[in-house]
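Hi,

Here is the structure I promised to pass on.

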Amino acid sequence: MSTVTCVAPVNIAVVKYWGKRDETLILPVNDSISATLDTEQQCAKTTVMASPNFKEDCIWLNGQKEDIRNPRLQNCLAEFRKRAGNISHIGQWKIHICSENNFPTAAGLASSAAGYACLVAALAKLYNIEGDISSIARVGSGSACRSVLGGFVKWCMGSLSDGTDSIIKQIVPATHWPEMRVLILVVDKGKKKVPSSIGMKRTMETSDLIKHRIKHVVPDRVNKMEQAIIKKDFKTFAEHTMKDSNQMHAVCLDSYPPVIYMNEISYALIDLVHLYNEAVNDTKVAYTFDAGPNATLYLLEENVPEFVGVLDYFFPPLENTLVEYRKGLPIEAVTP
Ligand code: PMV
C-alpha cells in the first residue's frame, strides 16, 4: 500500500473567471487573477491511498462517501493513470481518496479550488509524476489551477483549442506584499443554490453583458491589476477588485433565468465598505464575492483592527448573520 497526504490552500480571485469556451478541457473566456491564501485558516487536506487489495476506487469528502463517477474527478484520475501507466505499477491499483476542508464546502468559498489542487498534488506525489500539474487541477475545477502556485497568480486564458496555452503564472510571490491581509466573512455556510458550472453555462448561453465584459473590460482590467500588484498600489487594486466582483454578479443577474448568489447581508457589506472608504476619504478596504453570499475583504494589515471594530459594531456575530471572520494572507502554495 502507498499513502500520501497533502494540504492545499484556497485562492480568491480579484479578477474573476466566469464563463468557459470549452466545457471538457475547462478553458475560460477571460484571463483571471487571484491571491492564494494562508493554508492554516482555510485549506483542503487530502489523503490518497493505492493498494492492490482495493476492489474499487472510492472517495470520501468531509467523512461522507461521494460518487466516484463524478466526470471531473474521473478526468483527473484518467490523466494521472495515463501518465503513470508506463512508469509505475501503482498506476494499475485502485485508490481511496479522503478529503476534508476546514471551512464550509460548496458555499462559494473556493472549496473546489483547494480540493482539486490538493487531490492533484497528492496524486502527483503518489504516482511520482513531475512537471506542471495545474492543467490537471484545471479539469477538476477551473479555479483550482491557480491554487497550485502561491502569491498572486494569473491564469492566462490562452487561445488554442487543445488548452496547451491556458496556463498559470505567478505575478509576484506572497513576500512581495507582506502587508496584504484577507478577511473571510462567512454570511451563510449553506451550499450555493446554483453550482458555478451551471451558472457559467447559463451566463454564456443567455447574457449579452458577458460579451461586453470579456471583450471590452477584462483585458484592460487584468493589465491594470497586474501593475497595481507589482507596484503595491492598493487603491487601484481595491477599485478593480470591487468593480470586477460587481460585474461578475451583474452578468449573473443578466443571465436568464437570473443567477443570484448574493443576499441582503452581502449587499449591506458592500454598502458598509463604501461608506467606510468614503468616511476615511481613502480606499482602504475592498470586497469581493465568489459564487455565493460570503464576502472576502482585501485590506492592509494596518487597517485590520479598525475595520474589524467597524464590522463588530454593525454586524455583531448573530445567528444567520456574520458568523466568523477568518484572517488570512497570501502565501506560497501546496504542501505535501
Ligand atoms: O472553479 P469553479 O468552477 O468553481 O469556478 C469558480 C469561479 C469563481 O470562484 C466564481 C471565480 C474565480 O475566478 O475563482
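Which of the 14 residues around the ligand come nearest? They are Y17, S141, S143, R146 and S196, where near means a heavy atom within 4 Å of the ligand.

Before the rest, some ground rules: this is a predicted model, local features need pLDDT of at least 70, side-chain atom pairs count only at pLDDT 80 or more, and totals for chains, interfaces and linings use all residues. Numbering runs from 1 along each chain as its sequence is written, and side-chain values use heavy atoms, with hydrogens and water left out.

Back to the ligand. One of its oxygen atoms sits 2.6 Å from a side-chain N or O of S143, and a backbone N or O of Y17 is 2.8 Å from a ligand oxygen. For D290, the distance from a side-chain N or O to a ligand oxygen is 3.4 Å. On its own the ligand exposes 380 Å², and the protein buries 95% of that (Shrake-Rupley, 1.4 Å probe).

You'll find W18 in the loop between β2 (11-15) and β3 (20-22) (strands are DSSP E runs of at least two residues). W18 counts as buried because its relative accessibility is 2% (the cut-off is under 20%, 1.4 Å probe, protein chains only). Its side chain makes a polar contact with the side chain of T203 at 3.0 Å (N or O atoms within 3.5 Å, one able to donate a hydrogen and the other to accept it; residues adjacent in sequence count only if both atoms are side-chain atoms).

Cheers

How values were computed. Helix = DSSP H or I, 4+ residues; strand = E, 2+ residues; numbered from the N terminus. Buried < 20%, exposed > 50% of the residue type's maximum accessible area, 1.4 Å probe, protein only.
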